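This briefing is intended for a reader who has the coordinates at hand. Please consult the sequence and structure shown here before reading the points that follow.

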Amino acid sequence: MNWNNSVRQLHRWLSITFTLAVIANIIAMILQQPAVWIGLLALVPLIPLLATGLYMFALPYLTSRGTARGSTPASQL
């Protein structure tokens with residue numbers, strides 16, 4: 001498994017964790033027992049989720065720039 005697939009898999013699991021934390025926060029608010037740690041629980045997966053999402057967003061732009069230079073024939077320069 002290469003680096004990009006690992007980042008995508010990590011992003012998937014982080015999104016599931018974030019969704020469960022948000023659901024727990026909503027349930028705690030419905031039961032009117034909001035604790036500070038439940039509210040902060042959603043921030044734990046959100047920060048690495050942001051980092052992996054930004055990495056995957058920038059990946060096509062970074063790879064297309066490198067391959068475009070390497071694949072240009074010398075006759076076209």
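The points below move from the overall architecture to individual residues.

The model is predicted, and the protein averages a pLDDT of 83. It contains three helices and zero strands, arranged along the sequence in the pattern α-α-α.

**Confidence**

- A pLDDT of at least 70 is reached by 81% of the residues.
- Among the helices, confidence is highest in α1, at a mean of 92, and lowest in α2 (residues 36-41), at a mean of 82.

**Overall architecture and surface**

- Helix α1 spans residues 3-30, helix α2 covers residues 36-41, and helix α3 runs over residues 43-70.
- Of the 77 residues in the protein, 14% are buried.
- The accessible surface comes to about 6,200 Å², and carbon and sulfur atoms account for 71% of that area.
- When contacts between residues at least 6 apart in sequence are considered, 73% of them join residues at least 24 apart.

**The nonpolar surface patch**

- A nonpolar patch on the surface is formed by Trp13, Ile16, Leu20, Ile23, Ile26, Ile27, Ile30 and Leu31, which together have about 840 Å² of accessible area.
- Tryptophan 13, a member of this patch, lies in helix α1.
- Tryptophan 13 counts as exposed because its relative accessibility of 52% is over the 50% cut-off.
- The C-alpha atoms of tryptophan 13 and proline 45 are 9.3 Å apart, although 32 residues separate the two in sequence.
- Isoleucine 23, another member of the patch, is also found in helix α1.
- With a relative accessible area of 42%, isoleucine 23 falls between the 20% and 50% limits and is therefore classed as partly exposed.

- Alanine 28 is placed in helix α1 and counts as buried, at 9% relative accessibility.
- The C-alpha atom of alanine 28 is 7.7 Å from that of isoleucine 38, which is ten residues away along the chain.
- Leucine 49, in helix α3, has a relative accessibility of 13% and counts as buried.
- Beyond its neighbours within four places in sequence, leucine 49 is in contact with His11, Leu14, Ser15 and Phe18.

- Threonine 52 is located in helix α3.
- Its relative accessibility is 10%, so threonine 52 counts as buried, the cut-off being under 20%.
- The side chain of threonine 52 makes a polar contact of 2.6 Å with the side chain of histidine 11.
- The threonine 52 side chain also reaches the backbone oxygen of leucine 49, at 3.1 Å.
- Leaving aside neighbours within four places in sequence, the residues in contact with threonine 52 are Val7, Leu10, His11 and Leu14.

Note on methods: Residues numbered from 1 in each chain as written. Predicted model: local features only at pLDDT ≥ 70, side-chain atom pairs only at ≥ 80, totals over all residues. Heavy atoms only, no water. Patch = residues over 30% accessible without salt bridge, like charges linked within 9 Å, V, L, I, M, F, W, Y side chains within 5 Å. Areas by Shrake-Rupley, 256 points an atom, 1.4 Å probe, with all protein chains shown as cover. Salt bridge = Lys/Arg side-chain N within 4 Å of Asp/Glu carboxyl O. Helix = DSSP H or I, 4+ residues; strand = E, 2+ residues; numbered from the N terminus. Buried < 20%, exposed > 50% of the residue type's maximum accessible area, 1.4 Å probe, protein only. Contact = heavy atoms within 4.5 Å. Polar contact = N/O pair within 3.5 Å; in protein donor to acceptor, adjacent residues only side chain to side chain. pLDDT = per-residue confidence, 0-100.
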